[in-house]
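This report covers selected local features of one protein chain. The sequence and structure come first.

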Amino acid sequence: MVLTGLILLPIVAAIVIPFIKDEKTVRIYSLIVGFAEILLSIPLITGFRPDGGFQFVEKIPWIPSLGLNYYLGVDGISILMVLLTTFLLPVTVLCSWTYIKKRVKEFHIAILLTTAACVGLFSSLNLVLFYIFWEAILIPMYLIIAIWGGPRKKYASIKFFLYTLAGSVLLLVSIIAFYKASGTFSIPELMNHKFSLTFQILAFIAMAIAFAIKVPMFPLHTWLPAAHVEAPTAGSVILASILLKMGTYGFLRLCLPLAPEASITLAPLMIVLSVISIIYGGFVALGQTDIKKLIAYSSVAHMGFVTLGIFMFNLFGIEGAIMQMLNHGIVTGALFIMVGALYERSHSREIVDNLGLSKYLPIFTGFFLLFSLASFGFPGTNSFIGEALVLIGTFAKDVPTGLAVIPGAMLAAAYMLRLTIKLAWGEPSKAKNWKDLNIREMAMLIPLALLVVYIGVAPKIFIKTIEPSVKTLVNHVEKNSGGKLKKSSNIWYGERR
């Protein structure tokens, strides 16, 4: 019952918060719950066996007349997302310690409920349960932006809500269609059903729009910059590190296994949109003067690499996509934490108002440099592993596509180095008396920094965790592709050479 415990703990903790009178006690209590959530997830690390199947499975009859079960489980594709979610709960509490000053109780309730819903989504093996958690995430995230956001919070929150709701309707339609065609909501059982190509294409399109909105992919990305800029720091961390991964996880958990032939048929379109997202996101990020908006647009480009790797349908591409989902969550979450810390000092997110930090904030500058290098995939950092695997998988499948995304990697280096150089060594307009990072801020950033370096130099344990499940997925797609998935001249889709 590990997964149920991870879902219930934040929910029960959220119910208790209204009875706590002191706001400081609410923060301490939420932080303790965050660490308890991490401790509760330890069995997932110690007991997980990379064998390609679902583990920690919990299956309880829910509505037998409809074949509905409370059905949870994790495999190599989902376990890293669950662990990332639990790891970031205390981080989001800490980065809100001084940032959130009003309605503190309600804010922490929203953070806890979001965490519970995200864990539920990444571990759901039932389509209805998946959809319930998908929708449940929308409400607290909307409130986080609408109540604790910036000057344009109403615009940003409503746009986020409408985009996500539109995608949710299409996702619900596809879920009902799968049930009508198969008589089951069970994802593992649906993987064994063969649907017609026409049905698969229609279902894929409905699901893909919902997932593309969440990623977000071009041209459905316009809600993201506004949401990031207006959201409080914790909201931006949750958006970048977890919510964007819901879309790419949906492609891996539902689109590829349930509509394999349609996935291959429509892969050229998805690849083109991924390449556009990479290049477009890079160019727009390069022109930003607002640090938070720059990082937001960089997410469009980085997540483009994830979707590109997924639709290569080979081992390297999908492994790289999953690694990049994890790495982007770590690095971009850290960058948003640092932007929040900087804003608390300068009260501005404009680059021009935050120049010359190396002189006044040397510790801050050191952390920012590390995360900036990781953001554009510098060798020795975690993002290098993910992007390298995606590029290897892309070149193995199609050399022109691989060449097309190289400018995107170069743009990432350009906008992140430009930002870092200006922030660290630009000439400030006046002297600053800001204090460097305090113990609380360093406590948030040190674990993230250690993960950046550890994954960058020793990624084997992570790749070993996901590889059997990726092989199972790729082999399933190949087997049910109707002969459309062929062997590559360099890398077979099911194994390494």
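## A buried loop residue

Ser-96 counts as buried because its relative accessibility is 2%, and the cut-off for buried is under 20% relative accessible area. The structure is a predicted model. Ser-96 lies in the loop between α4 and α5 (104–123). Leaving aside residues up to four places away in sequence, Ser-96 touches Arg-27, Phe-107 and Ala-234.

## Helix α21

Helix α21 spans residues 460–479, which is 20 residues. From its first C-alpha to its last, α21 reaches 28 Å, close to the 28 Å expected at 1.5 Å a residue. The helix also bends by about 35 degrees at Glu-467, and a proline, Pro-468, follows within four residues.

Which residues of α21 are buried? They are Phe-462, Ile-463, Thr-465, Ile-466, Glu-467, Ser-469, Val-470, Leu-473, Val-474, His-476 and Val-477.

## A nonpolar surface patch

Trp-62, Ile-63, Leu-66 and Ile-132 make a nonpolar surface patch of about 330 Å². One of these residues, Leu-66, lies in the loop between β1 (55–63) and β2 (68–74).

How values were computed
Residues numbered from 1 in each chain as written. Predicted model: local features only at pLDDT ≥ 70, side-chain atom pairs only at ≥ 80, totals over all residues. Heavy atoms only, no water. Helix = DSSP H or I, 4+ residues; strand = E, 2+ residues; numbered from the N terminus. Expected span 1.5 Å × (residues − 1). Bend = angle between axes of the 7 residues up to and from the residue. Buried < 20%, exposed > 50% of the residue type's maximum accessible area, 1.4 Å probe, protein only. Patch = residues over 30% accessible without salt bridge, like charges linked within 9 Å, V, L, I, M, F, W, Y side chains within 5 Å. Areas by Shrake-Rupley, 256 points an atom, 1.4 Å probe, with all protein chains shown as cover. Salt bridge = Lys/Arg side-chain N within 4 Å of Asp/Glu carboxyl O. Contact = heavy atoms within 4.5 Å.
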